[in-house]
Amino acid sequence: MGKNSKNKMQDIKIGLEIHGYLNTEKKLFCNCDSIHSPTTIPNTSICPICTGQPGSKPMKPNKEAIEKFLQTSLMLNCKINPKFRFQRKHYNWPDLPKGYQDTISGAHSTNPAVEGKFENIKIIEAHLEEDPAAWNPETGCIDYNRSGLPLIEIVTYPEFKTSEEVATWLKNLILTLSYIKTIDKKLGLKVDVNISINQEFGGNRVEVKNLHSIEEIKKAIEFEIIRQEKQGTQKETRRYDSSKNQTTVMRAKENLEDYEFIPDPDLPTITLDKKQTEKIKSSLPESPQQKLKKLIKKHKINTYSANVLSKNLEIVEFFEHVAESIPPAFALDWITIELLRVLKYNKKELDQVEINVKHFIELLQAVKDKKLTELKAKQILNQFIPKSFSIKDTLKDVKTIDNKSQIETLAKQVIKENPKAVEDFKAGEQKSINFLIGQVMRLSERRADFKVAKNILEKLLK
Ligand SMILES: [Zn+2]
């Protein structure tokens, strides 16, 4: 890179259009189930409305979709316009049998959510639209399962300057939206990126469409910056080919007028109830960034663990709940290491199992009061999936043995039964003591206090 490259960098403008599927039970204008798995058999969730049969009319827009749209927009600090209506966006394509897509964007529309800000990037608008069907140009077949699914589109100002900035921002956006679960994570995000570099190279806005991962987005931006510096720019739309790591021309950029937007006469103007909007706003969770700050400040958690906790709303809320009864420093490893271990082993998320936070607190309290050994507690925690239980009854049977003479009896038995390990230890093999402690634990059904057992064994073996 030459001396000038830094100056050139300062003139780079990158903006994003992010499309995500809203996590709703039904489609936007009909009663078909929202199919959220791309592996579903094609055309199994369809009706005359979402296949665009002549004469079919849309049902009233899905309330759940509008609510989740509002939640998302409010989480991005957008201002909400209380009145808006769907526009028909016309284009001819095999995936769109009715000849138009219903969207709350376009020339005549009032955008329902505007002027937001997420982290340091301003958001122009967010709007709601229906997804077209999926057309496979190789087979000529069309799958209508996707047709009519509610989509949110989030448009940012071109305020990003580097691909790194875009990647970090998108990661944080995905994490923040995961706190409100409004976007279907399995289906992922689809992002269009627009990139323009300084006047010297034409300064035209080039759009790269349909990028599906942060990695792809980063590579496409990096490719485009270099390409535009070399070739100059035309206002155009390009596609990214990940196998060749390059972008190619898709079409000259169309203007909004090309779509001939008209308000959809079959759909009512939507008027939002102000109280309802306020209610959604006040019930939004804290953002991951706010949680992170609170964990570090209020609970004195180190940054690394705070990051682990705030990656998942259920986990962080679980922690906050536990920390009301158990010192956070004590609870921390039990959640970030032990609980996550058990969940991972069972391939479950916390919200997919029934772990009652009260039971978890009981368990930790018993360890803290030395009524349970850590080992025994870990074993009980394993049994908390699929469903946790009160340990009050089990506590009677599994009470920690801290009685020294009882442990000594067990230790003597272990020494007698394991002459080889004893010999190794006496010959200087330090590790053998761990094996012997393990045997005491086994005999005591993990109820012996680890440190007491170790001390007694060491004394006996001297
Ligand atoms: Zn349908």
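1. N418 touches F435, L436 and Q439, leaving aside residues up to four places away in sequence (contact means heavy atoms within 4.5 Å). N418 itself is found in the loop between α13 (404-417) and α14 (419-426); helices are DSSP runs of H or I with at least four residues, strands are E runs of at least two, and both are numbered from the N terminus. With a relative accessible area of 16%, N418 is buried (under 20%; exposed is over 50%, partly exposed in between, with a 1.4 Å probe and protein chains only).

2. A word on the source: this is a predicted model, where local features need pLDDT of at least 70 and side-chain atom pairs count only at pLDDT 80 or more, while totals for chains, interfaces and linings use all residues. Residues are numbered from 1 along each chain as its sequence is written, and side-chain values use heavy atoms, with hydrogens and water left out.

3. There are domain 1 (5-281), domain 2 (286-398) and domain 3 (404-461), with bounds from an automatic or database domain assignment. The C-alpha centres of domain 1 and domain 3 are 65 Å apart.

4. Now look at the second largest pocket, which holds about 700 Å³ of space. Of its 29 lining residues, S178, I183, D184, K185 and K186 are the closest to its centre. (A pocket is an open set of points on a 1 Å grid over the protein atoms alone, where a 1.4 Å probe fits, with protein on both sides within 12 Å along at least five of seven lines; lining residues have an atom within 4 Å of a point. The volume is the space filled by probe spheres set on the points, which are joined across faces, edges and corners.)

5. Who builds that lining? α3 gives the most, with six residues, and domain 1 and domain 2 each supply at least three.
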